[in-house]
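Biologist: I'm new to reading models like this one. Can we go through it together, one question at a time?

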Amino acid sequence: MTTAQTQPPPTASPPPSAPEPPAGIQGAAWKWGVGLLMCYVIYGAFFIARNAVGFVGDSARIIFFHVPCAVLSSIAYFVAAAYAGLYLFSSHPEKRFNLELDAKSAAAMELGFLFCILATITGSLFAGMQWGTFWNWDPREISIVGMLLLYAAYLVLRSAGGEQPDKRARLTTVYILITLIPTVFLVWVVPRIQALQSLHPTSVLANPKNTSAAYKEVLYPSFLAFILLFVWLFQLRFRLYKLGAKDRSR
Amino acid sequence: MTRDLYFVMAVPLIIWLGIFFYLLTIDRSLRRLERSEKGQDDL
């Protein structure tokens, strides 16, 4: 099976210019693409990729699910930070900030937390198989615990924000922008500290020469599938917010 | 051996299909709600 057969063309990704009313089947087409693409990834993880050198048994196949989740959990933070920054610089005619940007930032944070939890659990399973213990405070494991705490603290702060949406939005967007500093540190610096001697095979993946063509054939579609899934979930969350916001204004 | 692997693969595949169709139904019901909201705004 080749990638060209099952992988939908990149043009099937969300059409931003599509008008809302006739978005019946056209609007859903790329979502079916995500569904098929993920099925292909699941199939390919078992039957296209083979056991990799240096990994215990079949453990290397985790790459197709764990790595996209881990990457998304950090991308989500930066997406949330971008919307948080836009929120703080937005201005409405009546001197109020654009709460929709705050809602988008919150949606990204919620999904980031979800993918962070998934990356932690799957990573722990890999550690159990590859290194014989489910948790060994590898630098990557330290940094993901930090990310989990940052996400959890955000959600606590947001739920404690109370009934004033403007105040809550200001509080939480500033939180995201301040914690962007430790996030950058956790994502890029902590796992690369030589003294901590990470067992995590990040450097194996960083060099494209180390992954075979069969792995790339599954890995790249898996990244695409997870990113599109993220976009879909993000849109759902935001649409839900918009419906709720309308309810409150009535 | 390969036969076993097909059964193992079926597990994540079924989980994904379940989640996928659940998401599609949420999407559809959201669209219906949005449409009815729009109708109320026009009144």
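Predicted model: local features only at pLDDT ≥ 70, side-chain atom pairs only at ≥ 80, totals over all residues.

Biologist: What pLDDT does chain B average?

Modeller: In chain B, 91% of the residues score at least 70. The average pLDDT of chain B is 87.

Biologist: How many helices does chain A have?

Modeller: Helices (H or I, at least four residues) and strands (E, at least two) are DSSP runs, numbered from the N terminus. Chain A has zero strands, and its elements run α-α-α-α-α-α-α-α. The helix count of chain A is eight.

Biologist: Are α3(A) and α4(A) roughly parallel or roughly antiparallel?

Modeller: Axes are lines fitted to C-alpha atoms, for helices over the stretch in contact, and angles run from 0 to 180 degrees between N-to-C directions. Helix α3 (residues 63-89) of chain A and helix α4 (residues 99-130) of chain A have axes that come within 7 Å and cross at roughly 160°. Angles under 35 degrees count as roughly parallel, over 145 as roughly antiparallel, 65 to 115 as roughly perpendicular and the rest as oblique. So α3(A) and α4(A) are roughly antiparallel.

Biologist: How many nonpolar residues are in the contact of α5(A) with α6(A)?

Modeller: Helix α5 (residues 139-160) and helix α6 (residues 165-189) of chain A pack at about 175°, with axes 10 Å apart. Two residues are in contact if their C-beta atoms, placed from the backbone, lie within 7 Å, and here they include A:Leu150 of α5(A) and A:Ile176 of α6(A). Ala, Val, Leu, Ile, Met, Phe, Trp, Tyr, Cys and Pro count as nonpolar, Asp, Glu, Lys and Arg as charged, and the others, Gly among them, as polar. Besides five polar and two charged residues, the nonpolar ones come to ten.

Biologist: Which element gives the largest share of the side of chain A that touches chain B?

Modeller: The contact takes 13 residues from chain A and 15 residues from chain B. On the chain A side, α2 (25-47) and α8 (213-249) give two or more residues. The largest share, seven residues, comes from α2(A).

Definitions and conventions
Residues numbered from 1 in each chain as written. Chains lettered and ligands numbered in written order. pLDDT = per-residue confidence, 0-100.
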